[in-house]
Amino acid sequence: MSVWILFIPSSFIAEILILGVPGPCLWGLVLSRRMYNLQVTGGGAYKFADLFKERLGVSIEKEDEMHCLVSGANFLLKAIRHEAFTHMEGEKEFVQIDPNDLYPYLLVNVGSGVSIIKVDGEGKFERVSGTNVGGGTYWGLGRLLTKCKSFDELLELSQKGDNSAIDMLVGDIYGGMDYSKIGLSASTIASSFGKAISENKELDDYRPEDISLSLLRMISYNIGQISYLNALRFGLKRIFFGGFFIRGHAYTMDTISFAVHFWSKGEMQAMFLRHEGFLGALGAFMSYEKHGLDDLMSHQLVERFPMGAPYTGGNIHGPPLGDLNEKISWMEKFVRRGTEITAPVPMTPSKTTGLGGFEVPSSRGSALRSDASALNVGVLHLVPTLEVFPLLADPKTYEPNTIDLSDQGEREYWLKVLSEHLPDLVDTAVASEGGTEDAKRRGDAFARAFSAHLARLMEEPAAYGKLGLANLLELREECLREFQFVDAYRSIKQRENEASLAVLPDLLEELDSMSEEARLLTLIEGVLAANIFDWGSRACVDLYHKGTIIEIYRMSRNKMQRPWRIDDFDAFKERMLGSGGKQPHRHKRALLFVDNSGADVILGMLPLAREFIRRGTEVVLVANSLPALNDVTAMELPDIVAGAAKHCDILRRAAEMGGLLVDAMVNPGDGSKKDLTSAPLMVVENGCGSPCIDLRQVSSELAAAAKDADLVVLEGMGRALHTNFNAQFKCEALKLAMVKNQRLAEKLIKGNIYDCVCRYEPPSL
């Protein structure tokens with residue numbers, strides 16, 4: 001049974017029932033092959049029940065509104081890593097909430113009126129206060145005073161207003177001066193709409209923009225003040241605001257934040273939720289647990305939003321809600337699944353903040369419909385097979401991203417890099433499918449979609465949550481897959497694998513002729529040299545036009561001059577070979593996170609894996625679950641290992657022991673060395689499809705393999721530099737990479753392009 005979740009504000013019900021019904025009520029809908037019913041909360045549960053039965057033949061089950069709001073908020077704050085944020089003076093700052101230290105908190109739901117709810121735990125809450133002055137007040141008075149036809153029109157009007165034309169300020173009373181004795185500045189509002197009583201003006205003499213802003217500030221300030229007083233009353237430090245009134249509107253959040261900050265004298269902050277418009281819908285869905293949806297765990301849940309609403313967000317993990325298995329990941333994806341492309345996709349019009357890019361066609365044909373909403377929402381997936389990497393020293397403090405994209409300079413630079421790489425990527429993707437007209441059309445649609453995402457992030461950096469470079473790279477891969485480019489570098493990877501396998505026997509023979517110490521150094525040099533083959537790097541793409549893969553590899557090997565920019569080889573050598581006559585203790589199991597196809601894995605990582613195996617260490621090759629650029633995948637690795645095993649008895653025996661080969665017919669190149677120790681060679685997928693990896697979300701298969709591991713080897717820019725450069729582990733770690741971006745080299749290691757990193761780290765206690 002496949003399960004889908006639709007969260008539908010009733011402002012969209014018109015498109016479902018062909019009614020035209022406004023209002024902030026939220027609905028939770030579950031559809032499957034075996035059920036067609038609705039869990040509904042809010043006033044609409046009663047207002048529209050008969051219409052749903054009449055028009056759609058759907059029976060609805062009414063859920064308590066307060067219970068749904070609290071359940072939805074609890075879920076979001078536990079499941080989405082960067083759900084909560086503060087908003088002061090236009091600046092959004094995400095706040096990490098520890099799910100184990102969430103309660104108690106105050107939830108202020110601002111709809112038509114305001115409900116203030118004290119939340120003490122799962123299912124433990126009390127409505128402690130509220131006010132009838134809320135979003136309905138703002139909209140109602142706004143319509144009467146400005147003639148605006150919609151809530152959003154009224155909000156937009158406020159952005160152009162000047163409330164000092166209507167509000168009586170402290171400075172108006174004290175001759176332009178502050179009232180510093182009691183801490184009031186001249187710009188503090190003394191009386192909302194107060195100037196209207198002292199001026200001989202009619203309503204038409206006031207600008208609608210000023211009226212809208214004055215009204216917004218009056219209501220927002222009062223909501224903030226009442227909320228703070230209730231938090232003070234119960235000794236609470238956290239206040240979360242949600243509801244239709246807020247709608248991600250910056251000035252609304254600023255005014256509420258100002259009020260909380262003002263009355264608390266800076267000791268308390270207002271916090272907001274990225275998905276604040278969908279609390280009730282999420283809670284309505286969660287109510288299905290008590291309605292017999294016991295097999296929820298075995299199916300993927302996907303958050304869907306109606307009629308072309310934008311899809312945003314990052315790939316973010318946190319503990320799940322309630323009774324769900326503690327190993328489950330909720331992942332917030334960048335783009336929707338299954339979009340049917342029927343025409344080239346138009347770019348976002350200039351000077352808009354709409355997501356743009358690609359939309360869901362309203363019907364088959366050449367027309368594509370526009371966005372129905374500007375809400376910043378994401379696509380949630382329930383992934384029962386992902387969990388936290390058990391070897392992280394401290395998962396709570398772990399941050400995968402090395403580059404901080406909240407820095408404007410960094411953000412603009414990397415967005416430009418991704419944009420400049422886009423034409424090459426499109427050409428490669430189209431060529432991978434034979435350059436057909438259909439492939440060209442989809443390539444154009446992908447380019448427009450991804451460009452629109454980049455433009456949105458340039459204009460509104462926090463629109464999708466707190467993103468790192470890893471998230472941007474995953475966004476690109478998600479977009480590629482969305483436009484049916486399953487593996488854009490497939491043919492390139494096959495060609496490079498064949499070329500590398502052809503020269504592998506000579507490399508192995510050379511290695512076996514060396515002393516232990518010389519061989520270990522050559523192996524690490526080989527990994528670093530082979531890591532140059534990265535189709536995600538502009539500099540490396542330029543190299544490919546100047547020579548063959550083998551020529552480039554040899555050139556790179558010849559430049560492996562020590563010391564490297566980060567050079568812990570001697571410490572690693574001492575650990576591997578011992579010192580002062582002391583024999584080393586062999587590693588039990590090594591996890592080798594491999595990077596690129598071709599020379600990188602075949603001439604770099606496989607020989608290193610072979611060295612561990614001959615020393616009796618079990619080796620697990622960890623590769624991507626899905627393709628990303630020219631990265632090797634777990635599905636491709638067994639064939640590569642089989643090809644290498646034809647030339648190496650060590651690899652053949654290890655692959656057989658690890659279940660990668662069965663009754664392999666090989667002609668071993670070093671079969672005479674019968675005295676060599678051997679251990680199994682295995683392959684697992686890492687659970688991701690990105691050049692980077694977030695170790696809070698790895699496959700259950702990898703997590704299981706990690707439990708007996710005492711060495712982690714992270715190889716490549718994506719896994720060892722862009723992410724996890726600062727990661728600490730419970731076991732030993734070796735991070736190997738060639739830096740193929742000048743800015744990254746300068747920022748991270750204070751070096752230059754093609755500098756190398758060999759970082760060896762003992763277990764972090």
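Colleague: Is F245 buried or exposed?

Modeller: F245 counts as buried, because its relative accessibility is 1% and the cut-off for buried is under 20%. Please bear in mind throughout that this is a predicted model.

Colleague: Which ring pairs with F245, and in what geometry?

Modeller: The partner is Y138, and the pair is edge-to-face, with 6.0 Å from centre to centre and 80° between the planes. Y138 counts as buried too, at 0% relative accessibility. The pair links distant parts of the chain, 107 residues apart. Y138 belongs to helix 5 (residues 135-146), whereas F245 lies in the loop between strand 12 (239-242) and helix 9 (250-263).

Colleague: Which residues make up the cluster of ring pairs?

Modeller: Ring pairs join Y138, W139, F151, F244 and F245 into a cluster. The count for the structure comes to 19 aromatic pairs.

Colleague: Why is the pair of Y221 and F258 described as tilted?

Modeller: The planes of Y221 and F258 stand at 50°, so the pair is tilted, and the ring centres are 5.7 Å apart. Y221 counts as buried at 17% relative accessibility, while F258 counts as partly exposed at 41%.

Colleague: Let us turn to charges. How many salt bridges are found in the whole structure?

Modeller: The general idea is that side chains of opposite charge can pair when their charged atoms come close. A search of the whole structure finds 40 salt bridges. One of them joins D210 to R207, where the closest N and O atoms are 2.9 Å apart. D210 is buried, with a relative accessible area of 6%, whereas R207 is partly exposed at 39%.

Colleague: How is the salt bridge between R562 and D567 arranged?

Modeller: The side chains of R562 and D567 meet at 2.8 Å, N to O. R562 counts as partly exposed at 33% relative accessibility, and D567 is partly exposed with a relative accessible area of 21%.

Colleague: Are E761 and R759 buried or exposed?

Modeller: E761 counts as buried at 18% relative accessibility, and R759 counts as buried at 18%. These residues form a salt bridge whose closest N and O atoms are 3.5 Å apart. The charged end of R759 also sits over the ring of F725, 3.9 Å from its centre. Elsewhere, K92 lies over the face of F85, at 4.6 Å from the ring centre.

Colleague: Which residues are linked in a network of salt bridges?

Modeller: The network links D512, E516, R519, R610, E611, R614 and R615. Helix 15 spans residues 516-530, and R519 is among its buried residues.

Colleague: Which residues are in contact with R565, leaving aside its neighbours within four places in sequence?

Modeller: R565 is in contact with I749, K750, G751, D755 and C756. R565 lies in the loop between helix 17 (549-558) and strand 18 (566-567) and is partly exposed, with a relative accessible area of 42%.

Colleague: Finally, where is the pLDDT below 50?

Modeller: Where pLDDT is low, the predicted coordinates should not be read in detail. The protein chain averages a pLDDT of 80, and 78% of the residues score at least 70. Over residues 291-327, however, the pLDDT is below 50, and this stretch has 152 contacts in the model beyond near neighbours in sequence. The pLDDT also stays under 50 over residues 664-675, for which the model has 17 contacts beyond four places in sequence.

Methods: Residues are numbered from 1 along each chain as its sequence is written. Side-chain values use heavy atoms; hydrogens and water are left out. A salt bridge is a side-chain nitrogen of Lys or Arg within 4 Å of a carboxyl oxygen of Asp or Glu. Buried means under 20% relative accessible area, exposed over 50%, partly exposed in between (1.4 Å probe, protein chains only). Rings of Phe, Tyr and Trp (its six-membered ring) pair if their centres lie within 6.5 Å; planes under 30 degrees apart count as stacked, over 60 as edge-to-face and the rest as tilted. Helices (H or I, at least four residues) and strands (E, at least two) are DSSP runs, numbered from the N terminus. A charge sits over a ring if NZ of Lys or CZ of Arg is within 6 Å of the ring centre and within 35 degrees of the ring normal. The expected span of a helix is 1.5 Å times one less than its number of residues. pLDDT is the predictor's confidence in each residue, from 0 to 100. Contact means heavy atoms within 4.5 Å.
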